[in-house]
Amino acid sequence: MAVGNVMLLLFGGIAIAMWYFTSLFLQNVLGYSALGAGLGQTPAAVMFVVIARWAAVLLPRTGVRPLVLAGSGCFLAGFGWLAQAHAGSGYVTSVLGPTLLIAVGIGLTFPTLMAAATADVPERDAGIIGGLANTASQVGGSVGLAVLATAAGARAATEASGSSPAAALAAGYDLVFLVAAGLGLAIAVVSLLLPRHRRG
């Protein structure tokens, strides 16, 4: 339960980087409208739902750790790819591709982490432990938003003098995506503390 909640805390920052900052990148760097940015993220949302359902089927067979490690690999690859985006990037190759990969990671990890954080909980404590798991994810998202927005703003400010506004903002968002890749690596490391899956 403790390890699962730590990973959910880290995951909150990844979720913010994916949905919030990718939307900002589409609008502020590539010039999409709010509606266009939402539609641009729709394929990733659909991918998340599909993979999450698949992960729920796989979880009893594989245990938590393999799914978390696979999801973390998707975070590293997806955010690393997304961090290469710039003001002249195209949507398909620089945004759609990496966000679909990140969505696979989210679909593999989020339901799995919730299961890990609430595993083997006595029935009388299920509500409290479930609430704690949700709180861990939300706190991680809140702290992640504050830290990542500050980092993005600072990076954009340092790039502003020698670049266009869109290029400066892109540099700030790219830093956010690199930090999110680091959070994915941190989740993978923490997952090694989970007990090995025991087959019944």
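Let me start with the aromatic cluster, in which ring pairs link Phe11, Tyr20, Phe21, Phe25, Phe75, Phe79, Phe110, Tyr173 and Phe177. Please keep in mind throughout that this is a predicted model, in which the structure holds nine aromatic pairs. One of these is formed by Phe75 and Phe79, a tilted pair whose rings lie 6.5 Å centre to centre with 40° between the planes. Both residues belong to helix α3, which runs over residues 64-82, and they sit four residues apart, or about one turn of the helix. Phe75 counts as buried because its relative accessibility is 0%, and Phe79 is likewise buried, with a relative accessible area of 0%.

Phe79 also takes part in a pair with Phe177, and this one is stacked, at 6.3 Å centre to centre and with 25° between the planes. What I would point out here is that the pair links distant parts of the chain, since Phe79 is in helix α3 whereas Phe177 is in helix α6, residues 165-191, and the two are 98 residues apart. Phe79 and Phe177 are both buried.

How does the span of α1 compare with what 1.5 Å a residue would give? The helix covers residues 2-29, and its 28 residues should span 40 Å, while the C-alpha atoms at its ends are 39 Å apart, so the two values agree. After α1 comes Gly31, which has a positive phi, near 85°.

Moving on to helix α2, residues 34-62, the same reasoning applies: at 1.5 Å a residue its 29 residues should span 42 Å, and the 40 Å between its end C-alpha atoms agrees with that. Where does α2 bend? The bend is at Thr42 and amounts to about 35°, and a proline, Pro43, follows within four residues. Just after α2, Gly63 takes a positive phi of about 85°.

As for how α2 and α3 are arranged, their axes come within 7 Å and cross at roughly 130°, and the two helices are therefore oblique to each other. On the α2 side, Ala55, Leu58, Leu59 and Thr62 meet Val64, Pro66 and Leu67 of α3. Thr62 has its place in helix α2 and counts as partly exposed, because its relative accessible area is 24%. Between Thr62 and Leu76, which are 14 residues apart along the chain, the C-alpha separation is 21 Å.

I will finish with another threonine, Thr118, which lies in the loop between α4 and α5, where α5 covers residues 126-159. Is Thr118 buried or partly exposed? With a relative accessible area of 30%, Thr118 is partly exposed. Its C-alpha atom is separated by 6.1 Å from that of Met1, although Thr118 and Met1 are 117 residues apart along the chain. If we leave aside residues up to four places away in sequence, Thr118 touches Ile129 and Gly130.

Methods: Residues are numbered from 1 along each chain as its sequence is written. This is a predicted model: local features need pLDDT of at least 70, side-chain atom pairs count only at pLDDT 80 or more; totals for chains, interfaces and linings use all residues. Side-chain values use heavy atoms; hydrogens and water are left out. The expected span of a helix is 1.5 Å times one less than its number of residues. Rings of Phe, Tyr and Trp (its six-membered ring) pair if their centres lie within 6.5 Å; planes under 30 degrees apart count as stacked, over 60 as edge-to-face and the rest as tilted. Buried means under 20% relative accessible area, exposed over 50%, partly exposed in between (1.4 Å probe, protein chains only). The bend at a residue is the angle between axes fitted to the seven residues ending there and the seven starting there. Axes are lines fitted to C-alpha atoms, for helices over the stretch in contact, and angles run from 0 to 180 degrees between N-to-C directions. Angles under 35 degrees count as roughly parallel, over 145 as roughly antiparallel, 65 to 115 as roughly perpendicular and the rest as oblique. Contact means heavy atoms within 4.5 Å.
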